[in-house]
Amino acid sequence: MAPVKSIEDCEGVPHAVVFPTEEPKTIRLSLDEGESVGAHSHPERQVILYLISGEIDLQLDGESHIIQSGDVVQFDGTREVAPAAQADSTALIVLAKKSD
């Protein structure tokens with residue numbers, strides 16, 4: 001049977017690894033309104049962010065993208081990313097290894 005987890009049961013704030021030993025790396029990000037994650041990148045990955053709830057100002061290479069509940073964003077992990085919650089927010093992030 002495939003592993004099944006509830007997002008709410010994942011431990012860790014603001015990041016929780018959903019399937020710690022599995023690829024692709026899957027993370028639940030929870031931010032309270034006004035919280036943010038500093039600029040960073042994931043150079044060996046392709047990134048998919050699905051915003052489950054809330055609203056995030058997603059900075060990609062310094063360019064602002066307002067992401068709302070239900071939105072999905074895909075970007076190359078070499079881009080510098082810095083999410084900032086405009087409201088209490090929960091996102092599911094998939095960090096897939098780049099294919100050679």
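**Strands, sheets and core**

Mentor: Read along the sequence, the pattern of the protein chain is β-β-β-β-β-β-β-β. This is a predicted model: local features need pLDDT of at least 70, side-chain atom pairs count only at pLDDT 80 or more, and totals for chains, interfaces and linings use all residues. Residues are numbered from 1 along each chain as its sequence is written, and side-chain values use heavy atoms, with hydrogens and water left out.

Trainee: How many helices and strands are there in the protein chain?
Mentor: Zero helices and eight strands. Both are DSSP runs, numbered from the N terminus: helices are H or I with at least four residues, strands are E with at least two.

Trainee: What is the radius of gyration of the protein chain?
Mentor: The radius of gyration is 13 Å, close to the 13 Å that the globule rule gives for 100 residues, so the chain is as compact as a globular protein of that length. That radius is taken over C-alpha atoms, and the rule is 2.2 Å times the number of residues to the power 0.38. Along its principal axes, the C-alpha trace spans about 40 × 35 × 20 Å.

Trainee: What share of the residues count as buried?
Mentor: 31% of the 100 residues. Buried means under 20% relative accessible area, exposed over 50%, and partly exposed in between, with a 1.4 Å probe and protein chains only.

Trainee: Now the sheets. What is the strand order in the open sheet of five strands?
Mentor: The order is β1-β2-β8-β3-β6, with antiparallel pairing. Two strands pair if DSSP finds at least two bridges between them.

Trainee: Which strands stand at the edges there?
Mentor: β1 (15-17) and β6 do. Each has a single partner strand, so one side of each is left without a neighbour in the sheet. The twist averages 20 degrees from one strand to the next. For such angles, axes are lines fitted to C-alpha atoms, for helices over the stretch in contact, and angles run from 0 to 180 degrees between N-to-C directions.

Trainee: How many bridges link β3 and β6?
Mentor: Five, in the antiparallel sense. Look for I48, whose bridge partner in β6 is Q74.

Trainee: Which residues of β6 are on its covered face, and which on the uncovered one?
Mentor: V73 and F75 form the covered face. V72, Q74 and D76 are on the uncovered one.

Trainee: And the open sheet of three strands, what order does it have?
Mentor: β5-β4-β7, with antiparallel pairing. β5 (63-68) and β7 (81-85) stand at the edges, each with a single partner strand, so one side of each has no neighbour in the sheet. Here the twist averages 25 degrees from one strand to the next.

Trainee: How many bridges between β4 and β5?
Mentor: Six, with β4 covering residues 55-60. L60 stands opposite E63 in β5.

Trainee: Changing topic. Which residues touch the most other members in the largest nonpolar core?
Mentor: L29, L49, L51, L58, I67, F75 and I93, out of 18 residues. A nonpolar core is a set of buried Ala, Val, Leu, Ile, Met, Phe, Trp, Tyr and Cys residues joined through side-chain atoms within 4.5 Å. β2 (25-31), β3 (45-53), β4, β6 (72-76), β7 and β8 (89-97) each supply at least two residues of this core.

Trainee: Is L51 buried or exposed?
Mentor: Buried, with a relative accessible area of 0%. L51 is in strand β3. Beyond four places in sequence, its contacts (heavy atoms within 4.5 Å) include I56, I67, G70 and S89. L51 and G70 are 19 residues apart in sequence and 5.5 Å apart in space, C-alpha to C-alpha.

Trainee: Where is S89 found?
Mentor: In strand β8. S89 is buried too, at 5% relative accessible area. A polar atom of its side chain lies 2.6 Å from the backbone oxygen of A87. Leaving aside neighbours within four places in sequence, S89 touches L29, L31 and L51, among others.

Trainee: Then what about L31, buried or exposed?
Mentor: Buried, at 2% relative accessibility. L31 is in strand β2. Beyond four places in sequence, its contacts include P14, P83 and S89.

How values were computed: A polar contact is a pair of N or O atoms within 3.5 Å; within protein, one must be able to donate a hydrogen and the other to accept it, and residues adjacent in sequence count only if both atoms are side-chain atoms. Contact means heavy atoms within 4.5 Å.
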